[in-house]
Amino acid sequence: MISVIVPVYNVEDYLPHCLDSIINQTFIDFEALLIDDGSTDSSGIICDNYASLDKRFKCIHITNSGVANARNIGINNASGDYLTFIDSDDYVAEDYLEYLYTLAYNNNADISVCGYSDNNLFVTNNKNLKLYSNNKDCMSAFFTTNEITSSPWCKLFKVSIWKDIRFDMDSLCEDAATLYKVIAKTNSIVVGFDRKYFYRKRDSSATNKPFSYKDIDYIHTMEERSSFIYKNYPELIHASNAYIIYAANLALIKMAKCKIYKSEYHSYLQSLYKKYEIDFLKGHSSFLAKIFSYFAWININTAMRFYRITNNR
């Protein structure tokens, strides 16, 4: 019924916890596709061991080519009616699949969504379910609420909506470059707020790495997304443009952490603030984020110094 796709690369310390959380699911009608992306540690061996223990687990070894390709190979080999993605350094509650499947089945939804946590506490938000029952409402929820993220995990998808879509291998930010295209193919999404997915923050994760071109690529991805929205959902263009400034803020904060006060990207970032700042100020970001972006709109280096002062750096 469900194909669970797990891209794996050099996570030997976390992988058994992830796979144990899958093997112990209360919903048993699933296959787990473990895509070993050329791991150089014992991750590939661990995957083979689980595949030998449980016939629902299948390990596919590939040459290292990135998480986008690993997920795409998983999609291409999936035989379930639904897809879900679990990162190999994360783990899920024992009723993760049951919860998402029940939501999707009971509401005839193309996508079901659960809450997630970045610590070891199981939390129930005690909110009612949210059901978005047409394409425009689904896309609006994606852009104007925090209920549906750009991450493929903590979601269950009908496999049919991935028919013509794969993760963008040309983008360094494959999730952000892909999920909005999936939502554009969707006519119903149900959101449950019980936290069933546990995201493990690591110092080596991308969000904790120093400034790099990937941060600029993320901005380019947001600009491309806005071009798509302008053509297909013009009523959402201001909300979409606000994410361009969100991405610019992230890049600028990393620059501040690394003390990069002169960069070839400064004029580019400054032009973004001049063009899209009003959209960001009208959005739902925090007051501090708006203050930071306002300083950046005036002067890039002023914003960076403001960040360092307010964060004692």
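Modeller: Buried means under 20% relative accessible area, exposed means over 50%, and partly exposed lies in between, with a 1.4 Å probe and protein chains only. By that criterion, buried residues make up 52% of the 313 residues in the protein chain. The model is predicted, so local features need pLDDT of at least 70 and side-chain atom pairs count only at pLDDT 80 or more, whereas totals for chains, interfaces and linings use all residues. Residues are numbered from 1 along each chain as its sequence is written, and side-chain values use heavy atoms, with hydrogens and water left out.

Biologist: What makes the protein chain as compact as a globular protein of that length?

Modeller: The protein chain has 11 helices and 9 strands (DSSP runs numbered from the N terminus: H or I of at least four residues for helices, E of at least two for strands). Its radius of gyration is 20 Å, close to the 20 Å from the globule rule for 313 residues, so the chain is as compact as a globular protein of that length. The radius is taken over C-alpha atoms, and the rule is 2.2 Å times the number of residues to the power 0.38.

Biologist: Why are arginine 71 and aspartate 175 called buried?

Modeller: Arginine 71 has 2% relative accessibility and aspartate 175 has 17%; the limit is under 20%, so both names follow.

Biologist: Why does aspartate 95 count as partly exposed, and what is lysine 196 called?

Modeller: Aspartate 95 has 24% relative accessibility and therefore counts as partly exposed. Lysine 196 is buried, with a relative accessible area of 5%. Their side chains meet in a salt bridge at 2.9 Å, N to O. Lysine 196 is in strand β9 and aspartate 95 in the loop between β5 and α4, so the pair ties together parts that are 101 residues apart in sequence.

Biologist: How do you know that lysine 158 and aspartate 110 meet in a salt bridge?

Modeller: The N to O distance is 3.8 Å, which is within the 4 Å limit, so the pair qualifies. Lysine 158 counts as partly exposed at 21% relative accessibility, whereas aspartate 110 is buried at 11%.

Biologist: What makes a set of residues a nonpolar core?

Modeller: The members are buried Ala, Val, Leu, Ile, Met, Phe, Trp, Tyr and Cys residues joined through side-chain atoms within 4.5 Å. The largest such core has 37 residues, and Phe85, Ile111 and Trp162 are among those that touch the most other members. Helix α5 gives the most to this core, with 5 residues. A second, separate core of 35 residues includes Phe27, Ala109, Cys154 and Val190.

Biologist: Why is threonine 221 called buried, and which residues does threonine 221 touch?

Modeller: Threonine 221 has a relative accessible area of 3% and is therefore buried. Its place is in helix α7. Not counting residues up to four places away in sequence, threonine 221 touches Ser171, Cys173, Ala176 and Ala177, where contact means heavy atoms within 4.5 Å.
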